[in-house]
Amino acid sequence: MNSESCHHCAPNPAQDTASELRDYFLRFLGSLVCATPVWWFSMGGDHTGVQHKFLLTVATAISIFICGWPILKQAWLSFKKRKLNMFSLIGVGLLSAFGLSLALSGDYFEGAATLVCFVLLGQVLELQASKNTLKSLDTLLSLSPKTAWVVTEQGTEREVPVSLVQAGDHIRVRPGSQIPLDGVITEGQSGVDESLVTGESLPVEKKTGDKVIGGTLNGLGSFIFKVEKIGSQTVLSQIIESVSSAQMQKVPIQKTADRVSALFTPWVFVLALITAGAWFIWGNEPKLITAVIQSVSVLMIACPCALGLATPIAILVGTSVAAKQGILFQKLEAIQLLGKVTTVVFDKTGTVTEGKPKVVTFLIDDQRKKTELLNLAASLESVSEHPLAKAVLEKAKLEGVQTFLKVSDFESVLGRGIKGKVDGKRIVMGNEEFLRAEGVELLKFQSNLSQMRKQGETGLLLAVEGNLEAAFGIQDPLKPSAKLAIQELKQKGLNLFLASGDHAQTTQLIGAQLEIPNTQGQCSPTDKAKLVRELQARGEKVAFLGDGINDAPALTQADVGVAVGTGTDIAKQSAGITLVKGDLRVFEQAFLLSEAMMRIIHQNLFWAFSYNIIGIPLAAGLFYPIWGFRLSPVFASLAMTFSSLLVVGNSLRLSQLKILAHREVKK
């Protein structure tokens, strides 16, 4: 693949899973073919003859040493690395059963052949479950268009491979076609079906200035968008990478199960030896043969396959379901911790608000300076990535400012403001505290600023050469989903906080509108992290929802950091969960999915432990004096496989999980 196309590549874990699945399926079919004559002769055929014994030996040997080679390889590696696992038990059990059969003229070849079939079948079903859960993501990847219509500077359109498209290019999206990459609409409007990425069934209306996601389906309209993200940067690639990465991680409860399994395996070998000794001393004749048979049965039934599958299969299915709902679990510990959350802290701008602020008030003393001041403010803000910067730029453009002045010595103070030199003049923009710290006198506009705050406006002050010259009143509408989502969280008994870098009065007003009882304004990034620490010190388990660079410390500090998908990359990297879409009601879905996954995991672990508690004594023949019943290696391997299949089947129920439909949001 050439270098130009590589940066457009996205990970495709489904291909690796499918390849491994084909290999194990062919091995399973081979073991089935080999086992058929073994079963036939074992069910009544004469296998005492030399020819028959030779046939059974060859068929069983092919089944174990060729079809079952991956099993033996895993067993050998476990002993070599001194990390015993379920393959250690299976490997020893297989070789023991085969050796026992050779010694007894083929009496137990069917046990070894059957065990290989069942173990390979279990691997096939496990891999099939993995393939099914990754199928939706693979579909997303394969459906991404291979070409795009690039609009040239001359206004003509030409079709080029997506691999050649660069950030900054303008792309025409025609009615009914798929959007090739991520970007922002510069011309036109349409309804876009984003269900493949966000799980939202209804088309989303898109107009100039709105972002579009690669892989989603355009409706009847046509538009041009500017490419912002390509290759692994796109939302679609990040979803696939996030799910693939998450499925490689382990939740704390799985680590506990792994430790138990690691301790359990050596003890099984001890129990197998004790079983062999007990039957050799007190068992029926021939004592040696009976002792070996029962010890092999213990090895077979005690294989902790179900214990090993209990958590990863549930995580595999659950995270794929979550991805289709627009929820990415980047840190799997968040799945377990989310159910323990008692307090949720929200950032304001871009989290409970739409993140599309507009200047609704502009105050200056001298109207003759209006264009000049707007130009100075917009030029400085053009270098900033803060959401409020976009509002100032939009206001300046509406007032006729088309070109920006040269900016130098730019500096940004998170949660406070920005400063620098514009056209040689020292410019400072930010909140009151920031300007006061910069030595700016703030007597001007005080009554106006107080009125702005009462109206829920964010005050942004402009100082030129140390003199306060203008004030912007900026409003950011609340998300239609925010109030309903907060009501749902309150019904769960969660404590809610609103933390913002905005003025305390404005933050309190927004909190009242959303019915959030606890608010804290004028928060710096460290203040937000401090608030989370204080809540944790009181015994609270805290989830923090934010979207900006200034939220990163709090997202990292929180027990569960949740990044709103419309936010910055650094916020997403600091979080344990990302909501692909800005709809806060999806956070409630994350709770439901977390609870469902943990419930399935607990059920799986309960079954896995219960199975071993019952199965091992049964295989050891502990109840033989009472019932006169002994478990043969064949039935022991069957029970082991059934246990694993039960865990896989229970985990697959997550794929049928129905997320409660949201109530209608009144706008």
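Visitor: In which loop does D423 lie?

Guide: The model is a predicted one, in which local features need pLDDT of at least 70, side-chain atom pairs count only at pLDDT 80 or more, and totals for chains, interfaces and linings use all residues. Residues are numbered from 1 along each chain as its sequence is written, and side-chain values use heavy atoms, with hydrogens and water left out. Helices (H or I, at least four residues) and strands (E, at least two) are DSSP runs numbered from the N terminus. On that basis, D423 lies in the loop between β13 (417-422) and β14 (425-430).

Visitor: Is D423 buried or exposed?

Guide: Buried means under 20% relative accessible area, exposed over 50%, and partly exposed in between, with a 1.4 Å probe and protein chains only. Phi of D423 is near 55 degrees, a positive value in a residue other than glycine. Because its relative accessibility is 53%, D423 counts as exposed.

Visitor: Which strand holds D409?

Guide: Phi of D409 is near 55 degrees, and this positive value occurs in a residue other than glycine. With a relative accessibility of 57%, D409 counts as exposed. Its place is in strand β12 (residues 407-413).

Visitor: How many disulfides does the structure hold?

Guide: A disulfide is a pair of cysteine sulfur atoms within 2.5 Å. The number of disulfides that the structure holds is zero.

Visitor: How far from C34 is the nearest cysteine sulfur?

Guide: C34 is buried, at a relative accessible area of 11%. C34 is in no disulfide, and the nearest cysteine sulfur, which belongs to C67, is at a distance of 4.8 Å.

Visitor: What is the relative accessible area of C117?

Guide: C117 is in no disulfide, the nearest cysteine sulfur being that of C67, 8.1 Å away. C117 is buried, and its relative accessible area is 3%.

Visitor: At what angle do helix α10 and helix α23 pack?

Guide: Two packed helices are described by the angle between their axes and the distance between the axes. Here the axes are lines fitted to C-alpha atoms, for helices over the stretch in contact, and angles run from 0 to 180 degrees between N-to-C directions. Helix α10 (residues 287-301) and helix α23 (residues 585-620) have their axes 8 Å apart and pack at an angle of about 165 degrees.

Visitor: What does that angle make α10 in relation to α23?

Guide: Angles under 35 degrees count as roughly parallel, over 145 as roughly antiparallel, 65 to 115 as roughly perpendicular and the rest as oblique. The angle of about 165 degrees therefore makes α10, in relation to α23, roughly antiparallel.

Visitor: Which residues of α10 and α23 make the contact?

Guide: Contact means heavy atoms within 4.5 Å. On the side of α10 the contact is made by Q294, S297, V298 and I301, and on the side of α23 by Y611, N612, G615, I616, A619 and A620.

Visitor: Which residues does T208 touch, not counting residues up to four places away in sequence?

Guide: T208 lies in the loop between β5 (204-206) and β6 (211-212), and is partly exposed, with a relative accessible area of 49%. T208 and E187 are 21 residues apart in sequence, yet their C-alpha atoms are 5.6 Å apart in space. Not counting residues up to four places away in sequence, T208 touches I185, T186, E187 and G188.
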